[in-house]
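Subject: Structure for you to look at

Hello,

Here is the structure I said I would pass on. My notes on it follow below the model.

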Amino acid sequence: MSRWLYLLFVCLFSLSAHARGTYQEPSAFINEVFDGTPPAAKRLWLTGELKQSTTAILNHPPSSLRVRYWGLNSRTAWVLEEIGKEKPITVGIVVDKGRIERVKVLVFRESRGWEVRHDFFTNQFVDAALTNTRELDRDIDGISGATLSVRALKKLSRLALHLHQHTPFANDAP
Amino acid sequence: MTRHKHKKPLIKLRSLYLWHRYIGVSAALFVLVLAVTGLFLNHTEQLELDNSYISETWLLDWYDIEPPQRIINYSAGQHTVTLVEDRLYINTQAVAGHYESLAGAILLQDIIVVAADSHVLLLTQSGELVENLSSINGTRQNIGAIGQHSDTKFVLDTGTLTMTDLDFSHWQTLRLKDRHAIQWSVPDSLAEQRRQRLVHHYRASTLTLERLILDLHSGRVLGNVGVFIMDLAAILLCLLSLSGLWIWLQQRRKHQNRR
């Protein structure tokens with residue numbers, strides 16, 4: 001009996017340990033998004049009104065005053081971070097013509113809620129846009145036991161869409 | 001005979017009442033402590049108890065929170081950049097995050113550039129984070145040293161010398177023989193007054209209000225004795241509910257017998 005319990009404990013521990021980590025380096029993500037030839041990174045200052053609107057989306061002030069992004073034609077790619085429960089989750093988000101093209105969890109550091117990295121969850125964001133009240137225009141189904149990670153990804157998706165609107169690449173949309 | 005039979009349970013009931021009262025009075029204080037702390041703990045997130053820290057020195061002493069052993073300081077212009085254990089400070093302003101090492105800091109065009117672990121942090125002079133670059137040229141490498149090359153460029157030593165500017169727009173590899181042209185950041189001593197302030201800040205950002213309330217709830221604030229006292233309180237509460245139930249049953253039986 002104790003042997004089975006030990007085995008179960010080892011399996012659960014290794015599953016949890018495996019769930020945490022770097023799934024893709026941010027630089028590799030950007031390379032992949034732009035087919036190996038990414039444009040030079042640009043910077044967006046979060047000051048004045050943009051800082052206020054970012055604070056409203058995140059429910060706290062942004063961790064830095066400057067955000068870097070990569071843009072080409074009507075597409076922008078963002079590597080953003082938000083704390084789930086205790087540690088930051090690094091997420092890569094691509095926005096095209098004001099709609100989300102792709103969401104990918106790049107680095108997950110929390111001990112719980114790692115299910116958000118799966119495609120079945122992140123695919124829900126594809127094609128989502130921002131409403132006038134800066135909410136996503138669709139419902140995103142949550143995952144039980146991963147509420148805070150789900151919340152973090154929703155916030156980051158809204159933030160990427162909002163920041164996209166403040167770049168010169170938003171005007172390229174037809 | 002019948003009278004005698006009626007009297008016996010009455011005495012028992014009175015005695016039980018007295019016990020119930022004594023137990024109730026003894027447990028009252030514990031019930032209050034448990035209820036009030038329990039209420040607070042139920043709303044930890046809303047009340048942000050995990051983000052509120054205790055700064056009273058006697059409480060920090062009670063918890064044996066030791067002063068930091070490791071303090072590394074660099075000067076950047078008129079400012080000090082200090083690593084106290086794993087916490088980073090610009091002057092006396094704490095910077096978010098935890099860091100294992102501090103390789104140096106420089107002041108470049110009104111921006112403080114800090115090299116900590118594999119991070120390059122750009123901070124305003126009031127300690128606001130402008131940007132955190134967590135990888136250099138796409139790779140995570142611990143930075144050994146940081147130095148100023150010109151008014152606009154700085155150099156990072158990660159085994160190779162890499163030069164960039166505050167926009168991180170261009171990365172340029174320098175030859176090792178060009179090291180002498182760089183003004184490297186070197187550790188500096190910290191004024192005693194500032195040192196004491198940072199030590200206090202470090203200690204005062206360790207014990208959360210949530211921890212204290214949790215320890216009051218479990219009795220651990222008084223160590224093992226406190227846990228034993230709370231165990232005793234729990235037993236008293238069990239006895240209180242049992243004696244109350246027993247009194248109620250006795251009274252019910254008495255009323256039924258009267259009818």
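Along its sequence, chain A runs α-β-α-β-α-β-β-β-β-α-α, that is, five helices and six strands. Helices (H or I, at least four residues) and strands (E, at least two) are DSSP runs, numbered from the N terminus. The model is predicted, so local features need pLDDT of at least 70 and side-chain atom pairs count only at pLDDT 80 or more, while totals for chains, interfaces and linings use all residues. Residues are numbered from 1 along each chain as its sequence is written, and chains are lettered from A and ligands numbered from 1 in the order in which they are written.

Chain A

Of the 174 residues in chain A, 33% are buried. A residue counts as buried if 20 or more other C-beta atoms lie within 10 Å of its own, as exposed if 12 or fewer do, and as partly exposed in between, with C-beta atoms placed from the backbone. Taking contacts in chain A between residues at least 6 apart in sequence, 62% join residues at least 24 apart; a contact means that the two C-beta atoms, placed from the backbone, lie within 7 Å.

The largest nonpolar core has 38 residues, and those with the most contacts inside it are W78(A), L80(A), V91(A), I93(A), L156(A) and A160(A). Such a core is a set of buried Ala, Val, Leu, Ile, Met, Phe, Trp, Tyr and Cys residues joined through C-beta atoms within 7 Å. At least two of its residues come from each of α2 (26-33), β3 (66-72), β4 (75-83), β5 (88-96), β6 (99-108) and α5 (147-164) of chain A. The most come from α5(A), which gives eight. Leaving aside neighbours within four places in sequence, L156(A) is in contact with L80(A), E82(A), V91(A) and I93(A). Another core, of 31 residues, lies apart from this one and includes L88(B), Y89(B), A116(B) and I146(B).

Chain B

Chain B has an open sheet of four strands in the order β1-β2-β3-β4, with antiparallel pairing. Because β1 (71-76) and β4 (93-95) of chain B are at the edges with a single partner strand each, one side of each has no neighbour in the sheet. From one strand to the next the twist averages 25°. Strands pair if DSSP finds at least two bridges between them. There are six bridges between β1(B) and β2(B), and four between β2 (residues 79-84) and β3 (residues 87-90) of chain B. T82(B) has N73(B) as a bridge partner and stands opposite Y89(B) in β3(B).

Helix α4(B) packs on the sheet, touching β1, β2, β3 and β4 of chain B, and its direction makes about 40° with that of β2(B). Axes are lines fitted to C-alpha atoms, for helices over the stretch in contact, and angles run from 0 to 180 degrees between N-to-C directions.

Y202(B) belongs to this helix (residues 192-203). Y202(B) is buried because 21 other C-beta atoms lie within 10 Å. Not counting residues up to four places away in sequence, Y202(B) touches P68(B), V84(B), E85(B) and R87(B). R87(B) is 115 residues from Y202(B) in sequence, yet the C-alpha to C-alpha distance is 7.8 Å.

Between the chains

Ten residues of chain B are in contact with nine residues of chain A.

Regards
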